[in-house]
Each structure stands twice: as structure tokens, then as C-alpha cells.
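Take a moment with the sequence and the fold before reading on. This report moves from the cores to a helix, a sheet and some rings.

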Amino acid sequence: MENQDVLDLIIVGGGPAGLSAALYARRAMLSTRLFEKESIGGQIILTSEIDNYPGVPHTDGYTLSELMRSQAEEFGATLTLDDVASIEHSSETGLFTLTAGAGRFLSKTVIVSGGATPRLAGFEGEGAFSGRGVSYCATCDGMFYRGKRVFVIGGGNSACEEALFLTRFASQVTLIVRKDHLRAQAVVAKELEENEKVDIRYLTSIVSVGGDKLLKSITFRDNGTGEIHTEEFDEGSFGIFVFVGRNPETALVADLADLDEHGYAITNERMETRTPGLFCAGDMRRKSLRQIITAAADGAIAATSAAAFLGQPIEG
């Protein structure tokens, strides 16, 4: 089945970037349809505490995403739970064809805001305690560990930089490195090694974690000797931050946009890709900060750029 109606804009991804784009697109009177494959709101609906989104203090991801969803729908955006399988672009007509479970859809412009998912460290209990002691974002959750101990998994630039950031809050930061060296840039590694709050455990991995509502124990493995031991703590007195990379959801645009060495989409400041009419927004694109507010800003910029591409710029 092919939907012959040509939309002004199709948005793929229903997180903060996609919902923000839908709102701004409808303000410009663009016919707009948003596709989200799982849950409207994206990954943030799993976040139990959010206190750094301006104007909405002390909320949670589900509540914030519901506010975004209702606002986009109030302006007339159509939100559809469906998985987009492919995006094709015709150089002759300039139109995009998107294939989803409900059929094929035509659009003059497309914004893809698929996000990026943190890579898991793989220890037992990681998923069960995600959001209850296991975190993947120091900027988001660091302040919840003020005066507490934190363990940071990873040895690259991101892990080392986030470990340094966490020293602002935590009483002690222990970096868990599975190899016998850091992979971070020398200047970052030196700063980390010289920080009095930081302890580095080389050749170490976390095997499992345990607890009730919150974490209470960590089981470590010495990767050199194979020895395994468990350390017990007061419940909720520590946290684990995992920084072993992220997986950007860029498969749909792999043939239409340039990707960097880590698989992130490369855009300019207007969120434009190398394909005219195709925009990328949010965590899936190459950027320095991945937060709810920056995703929402990306979506607003992408929708504004799409409107301008169609000759319908958005007024303030």
C-alpha cells in the first residue's frame, strides 16, 4: 500500500528532538507526521529523575515526554507508533519515500532523530539496576551522588572526562579499567591520575552487582589473575557510571548522510545533511553535548530549516 499524499515533513523518532521538531513544524503549518517505533518520548521515559530541564524542575522522563507529546498533538502533528524500515530519496523528484509497517509514505522533507543508545558493560544486574544505581550520564545524574562514592567503567576519553566531572559531587571516584592502561588523551589521563579524589583500578572488570531497591554490592574480577571478590556497601551509598561508548541509530541514513568514524551523522548548524531536504537531529548526530535540552534545540532547528527549505520560514 502506498500513501500518495505527499507530506511536507516526516519525522522519524519520537524523543525530545522529534517532538520538538513536530511542534515547530506545525507552527509553520507544515503537514507533519512523526513515526516512533517503540514509545513516544524515546529513552527519556525510562529516566526517573530530571531536574536540569529549564522551567520543569523535579520531574521524570515520562511526565516531561507527555507534556511534549500533548503540545505537539495540540498543534496538529500526527504521531504514529510504527517502525520505519527504509528511507529512499529521488534525485529526479526530490521526494523521499519511507517504508513502514503501515505502507509507503511520500514526503518533501525528512528529519531523522533516532537517538543513540549507551553500550552496555555487560555485567550481571546492569539492566535490573539501570536508573537505580547504574547510570550512563554523569551530567544527568552526577548530583544525585553528592558526597557518595561512584565507580566509573571505561578507560577512554569519555570515561576519564566524566570521571573528572563526577569529582565535583562524589566523595571518591574509582575508575574501573579492564586493560592495564588508559586509552584517553595524555593530558586527560594525567589530570585524572593527579586528582586526589580518583582511584584507578587497572586490569579490573565488574562481574555483577546486587542489592534490593538500590545497589549494595559489586563483584570484581582481576583480569590478570582471574581472581573474583565481592565488596559490600550500605544500600544506596554508591553508584556505577558506564562509559564504554554509544551506538547511534543512523542505519536509516547511512546512504544519505555522511557519518563520522563512530557512526554519528554529520550535519551543519542547520541540521542539514548532504542530501537536500534530509535533516538529522538529537543524539544520533555528531555533537559535543547530548542532553534533553540540546535534543529539543536540534529538533527546533531542524524543523525551522525544513520549513525554510520548503520556502515557509517559521516566524518567532
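Which residues does Ile 292 touch, not counting residues up to four places away in sequence? They are Pro 16, Ile 44, Ile 50, Tyr 53, Leu 64 and Met 68. Here contact means heavy atoms within 4.5 Å.

This is a predicted model, where local features need pLDDT of at least 70 and side-chain atom pairs count only at pLDDT 80 or more, while totals for chains, interfaces and linings use all residues. Residues are numbered from 1 along each chain as its sequence is written, and side-chain values use heavy atoms, with hydrogens and water left out.

**The cores**

Ile 292 belongs to the largest nonpolar core, which has 30 residues. A nonpolar core is a set of buried Ala, Val, Leu, Ile, Met, Phe, Trp, Tyr and Cys residues joined through side-chain atoms within 4.5 Å. Buried means under 20% relative accessible area, exposed means over 50%, and partly exposed is in between (1.4 Å probe, protein chains only). Ile 11, Leu 34, Tyr 53, Ile 111 and Ile 292 have the most contacts inside this core. At least two of its residues come from each of β1 (2–12), α1 (16–27), α2 (61–74) and α6 (292–309). The largest share, 7 residues, is from α6. Another core of 24 residues lies apart from it, including Phe 165, Val 177, Ala 184 and Phe 241.

Helices (H or I, at least four residues) and strands (E, at least two) are DSSP runs, numbered from the N terminus.

**Helix α1**

Helix α1 has 12 residues and reaches 17 Å from its first C-alpha to its last. That is close to the 16 Å expected at 1.5 Å a residue. The expected span is 1.5 Å times one less than the number of residues. In α1, 10 of the 12 residues are buried, so the helix is largely enclosed by the rest of the structure. Among the buried ones are Pro 16, Leu 19, Leu 23 and Arg 26. Met 29 follows α1 and has a positive phi, near 65°.

**An open sheet**

Five strands make an open sheet in the order β8-β15-β9-β10-β11, with parallel pairing. Two strands pair if DSSP finds at least two bridges between them. Strands β8 (134–135) and β11 (198–201) stand at the edges with a single partner each, so one side of each has no neighbour in the sheet. Strands β8 and β15 run parallel and are joined by 2 bridges. Ser 135 stands opposite Phe 241 in β15.

**Aromatic rings**

The whole structure holds 8 aromatic pairs. Rings of Phe, Tyr and Trp (its six-membered ring) pair if their centres lie within 6.5 Å; planes under 30 degrees apart count as stacked, over 60 as edge-to-face and the rest as tilted. Two of the pairs share Phe 151.

| Pair | Centre to centre | Angle of planes | Type |
|---|---|---|---|
| Phe 151 and Phe 220 | 5.9 Å | 50° | tilted |
| Phe 151 and Phe 238 | 6.0 Å | 90° | edge-to-face |

Phe 151 lies in β9 and Phe 220 in β13, so their pair ties together parts 69 residues apart in sequence. Phe 238 lies in β15, so its pair with Phe 151 ties together parts 87 residues apart. Phe 151 and Phe 220 are buried, and so is Phe 238. Phe 151, Phe 220, Phe 233 and Phe 238 form one aromatic cluster.
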